[in-house]
Every structure is written in C-alpha cells, then in structure tokens.
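This briefing goes through a structure by topic, from its domains and ligand to a handful of individual residues. Please keep the sequence and the model at hand while reading.

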Amino acid sequence: MNEINKILEQNIFRVISDVANKNNTETYVIGGFVRDIFLQRTSKDIDILVIGSGIDFSLKVAKKLGIKKVSTYKNYGTSMFKYKGMDIEFVGARKESYHRESRNPIVENGTLDDDQKRRDFTINAMAFSLNKNNYGELLDPFNGIKDIEDKIIRTPLNPDITFSDDPLRMLRAVRFATQLNFELDKIVFDAISTNKQRINIISKERIIDELNKILLSPYPSVGLSLLEETGLLNEFFPELTKLKGTETINGVSHKDNFYHTLEVVDNLATKTDNLWLLWAGLLHDIGKPRSKRFNKKQGFTFHGHEVIGGRMVTDIFKKFKMPLNEKLSYVKKLVELHLRPIAIVKDVTDSAIRRLLFDAGDDIDDLMSLAESDITSKNEYKVQKFLNNFVIVRQKLIEIEEKDKIRNWQPPITGEEIMQHLNIQPSREVGIIKNNIKDAILDGEIENSKDAAFAFMDKIANKLGLK
Ligand code: ATP
Ligand code: MG
C-alpha cells in the first residue's frame, strides 16, 4: 500500500465516506492537507469539501464519531470539530464573485469544479475523492502536482483576477514561495506588481499574520525580497523600503541597509524561532534613514539610529495593531541596545559588562544573538574576527553574572527610600540620585549593599545642596 492510500485509510476519512454514501452526498478532502501530502509535510488541519451543506454534513459525521462539540459558522457556511488532535473543517462547495471594495465575495452553492476554481493556487486546489465509486482518486484540474514538482506558485485562473478579487492572496503567494522555497510564476509576479495597491483593503492583522509566517520561514529574505521587488512592501511597510539604496559622496559610500537587514534576519532565522527576536532583527536599523548625516571627516554617520529606531518600533506596532505589551517592550529594548555588544568588544571592562547585563536583563542572550547576526561584512576574515570577539564577551558575561548576579538585580535603594531619607518630594533629583547609586555599584565604586548606598546617597545629596 502506498503512502497516500495509507493516509486515506485513516478512520476519519472512512467514516466521512460512509456517512456521505448513506446520505447520497459527494465529499472530498481538499486544499492544504492534500498539498502537504505531496510535499511530505504534516498538517494539523483537514479541509473537507461537501457538495451541499457543510454544516449539516459535519453534524452527521460528528454524531457518528461520538463528538459533542462542533463549532459552526453560519455566516461562512463552515463548521469544524477536533478529532485526534486535528482540526477537521467542513465547507460547502461554493462559487464566488467579488465586488471591488471588499474581499468578501458573494457566495453561491457550487460544484467541485466551481470550488476548485475559487482556490488561490494550483497547489492548493487539489482534492482526493472520498466517494465510494472513485475513493482516493486525485482531482487536479490545474496541474498542481506538476507545479509542486517544478516548485512554482501559479493561480488556477488569471492571476490579475485572483489578486484583484482577494488581495490577501498576493501575500499568501509570497508566503508560500518563502515557506516552500518555490518561485512565483512570472505572470503571478507581474500581477502582484499590477495589483499591489489593492493590499490596502486588507486588515492589518491579516497582513501581519502572513508577514509573521514569512519571518518564521527558513530564509525570510526570500519573501522580503519578493515583497520589495513586486512593490508590495512599499504599499504597506514603507519604513522598510526606505532602508534601500546606497549613496556616494566624495567617493565614500554606505551599505544598502535593506539588504543588510535581510541578511541579519536570515542569520537570526538559523538560530531562533522566536518571532519577536526576528522582528527585532527586521527593525534593528529602521531608524537609519532618519539619522543619516554626512561629514568630511567621518563620512556617513547614523548617530542615534537606535534611539529613533526604538521610537519607530512603537509606531509600527501601533500601526499594524500588533501587541502593545511585553512583546513591544522586548523588541524596542533589543533595537535600542543592538549596538552595545559591539561597542563592548572594543573595551571589555567589568563595569561595561555589568551595565550591559543590567540593561538587557534576561534578554541578554537574545541581544547577543542579534548582535552576532548583525555582522554581515563581505569580508569573511572580518566577520570571523568579530564573532571570535563575541565569544570572549559571552564568556565574560557568564563570569560576571555568576559573580555579581546583575541580570535580575535591582539597586538596593528605592525612590521612596530616597525621598524619605532626604525628606524631599518627588522630583528630578530623586531620579539623579537613584541613577548615581546604580552607576556607582555597576562601576564597582561602592559595594552592592544598603549601607554603602545610603552613605553614597548622603554624599550626592550634599553635592546637590539637598543637605
Ligand atoms: P496553512 O494552513 O499552512 O497556512 P493552507 O493552504 O492550509 O496553509 P489555509 O488558510 O488553512 O491555508 O486554507 C486552506 C485552503 O483554503 C487553502 O489550501 C486554499 O485552498 C483555500 N484558501 C485559503 N485562503 C484562501 C484565499 N484567500 N483565497 C482562495 N483560497 C483560499
Ligand atoms: Mg491549513
């Protein structure tokens, strides 16, 4: 028995087939699940296409399987239940037509053929019959199998219509090309370029969903380049495309920060599947265009781009309706601190290491990964030299942390205590004193204890004329 037969012998498909047979209903397994069989990927969801009502049919199947909880979505004519850890989704076959203003189609009941035509890509339009007369037969009207072999993304119909109808499909095309390492068919690429402005009718949440899947792929640069080359990226994320390009003045150039960013994200993708660390990589230089200056002595400079970048991270998260919680703080912090490890390489003192540990806290390892990924010179020797230096920094971080426990350290005196002790109101001075105490301890000037901190506080208060 071959692989496919084995899969279609699973209980769920046999039960669906029996129920369909009894009720004189036609059913198919369709879409991602079928595609993933041929790609030898495992999928978590199974889409069952029913010629007729998907909801009514799903209830019959659930009953037969003894499943109580079925979620139905009347508006979409779909329903689903969980079975052996998989999401089993039922949908009635449909025929769709679209308005220009919306990606929500007018839906009518349709045939298998209508339904396959409304699917986004040829590789997502394949179906296996679950009907008794031709159980297990592959129905592949658009040659999805050939496109899998050729590693190419194509649409069942004219891609101009496919993308204009539902512009989200443009992002899905790029996302599948990235996840599967497929190419976009030339007419698909061109149709994305033509229809790029239509992306503006898609909700931010859906856009980010696809972008996140691109970032979590083995080589995110594949997708990010396609988004840039088709012009789609500039439509929804101009902050990123502004990184593109170089400039030369008096024979001095700077690197193309867009392609540098893609390299950084690819480097990170080999080390992590932490989405937010990948976001930090994507945004680490986002402040560069706004901070770019030129002077004869230094050439191009980007002073303060990490601070500007940190502020832009917040704006970007807001614009895309991304979580404004600890995920935002994390990405912002990494962007703000991304130059610190490289600065330390030049001067690995205990106090610099302690400061870095204090500022990065538990995110120190991620910050080091970002900094290491940020080394993208064409000169292999240079890259290796920096990476070797980072090994020393990492070692030093471990030693100092073991000795001084800075990662989750809090200075021994709070603002409250300062105000009480000096009998002052909340003011700028409280912050200054607090910072001075923290710095003195991190620099090793005073001991890390309450007594030493109080004595030191008195000294500063005197200087500030508070005593
Ligand atoms: P994955 O689950 O890995 O994201 P998938 O192909 O299963 O990939 P789903 O979003 O689960 O994607 O959709 C299931 C199927 O529904 C797809 O294979 C495709 O046939 C169809 N489909 C999904 N979204 C669209 C769309 N925007 N336009 C047309 N068909 C779509
Ligand atoms: Mg799916």
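Helices (H or I, at least four residues) and strands (E, at least two) are taken here as DSSP runs, numbered from the N terminus. In these terms, Val 348 belongs to the loop between α19 (340–345) and α20 (350–360). The model is predicted, and local features need pLDDT of at least 70, side-chain atom pairs count only at pLDDT 80 or more, while totals for chains, interfaces and linings use all residues. Residues are numbered from 1 along each chain as its sequence is written, chains are lettered from A and ligands numbered from 1 in the order in which they are written, and side-chain values use heavy atoms, with hydrogens and water left out.

**Domains**

- The domain assignment, whose bounds come from an automatic or database source, divides the chain into domain 1 (2–148), domain 2 (151–236), domain 3 (256–404) and domain 4 (415–463).
- The centres of domain 3 and domain 4, taken over C-alpha atoms, are separated by 31 Å.
- The contact between these two domains, where contact means heavy atoms within 4.5 Å, takes four residues from domain 3 and six residues from domain 4.

- A polar side-chain atom of Arg 169 lies 2.7 Å from a nitrogen atom of ligand 1, whereas a backbone N or O atom of Asn 124 lies 2.8 Å from an oxygen atom of ligand 1.
- For Arg 175, a polar side-chain atom lies 3.0 Å from an oxygen atom of ligand 1.
- On its own, ligand 1 has 580 Å² of accessible area, of which the protein covers 77%; accessible areas come from the Shrake-Rupley method with a 1.4 Å probe, and for residues only the protein chains shown count as cover.

- Asp 147 lies in helix α6 (residues 144–150) and, at 3% relative accessibility, counts as buried; buried means under 20% relative accessible area, exposed over 50%, and partly exposed in between (1.4 Å probe, protein chains only).
- Arg 154, in the loop between β10 (152–153) and α7 (159–165), counts as partly exposed at 28% relative accessibility.
- The side chains of Arg 154 and Asp 147 are joined by a polar contact of 2.7 Å, a polar contact being a pair of N or O atoms within 3.5 Å; within protein, one must be able to donate a hydrogen and the other to accept it, and residues adjacent in sequence count only if both atoms are side-chain atoms.
- Leaving aside neighbours within four places in sequence, Asp 147 is in contact with residues including Thr 122, Ile 123 and Phe 182, while the contacts of Arg 154 include Asp 120, Phe 121, Asp 185 and Val 188.
- The C-alpha atoms of Arg 154 and Ile 187, 33 residues apart along the chain, are separated by 8.3 Å.

- Val 348 is partly exposed, with a relative accessible area of 31%, and, leaving aside its neighbours within four places in sequence, is in contact with Ile 353 and Lys 396.
- The C-alpha atoms of Val 348 and Val 393 are 7.1 Å apart, although 45 residues separate the two along the chain.
- His 305, in helix α17 (residues 305–319), counts as buried at 6% relative accessibility.

**Positive phi values**

- Most residues other than glycine have a negative phi.
- Asn 24 has a positive phi near 55 degrees and is exposed at 77% relative accessibility.
- Asn 250 has a positive phi near 50 degrees and lies in the loop between β12 (248–249) and β13 (252–253).
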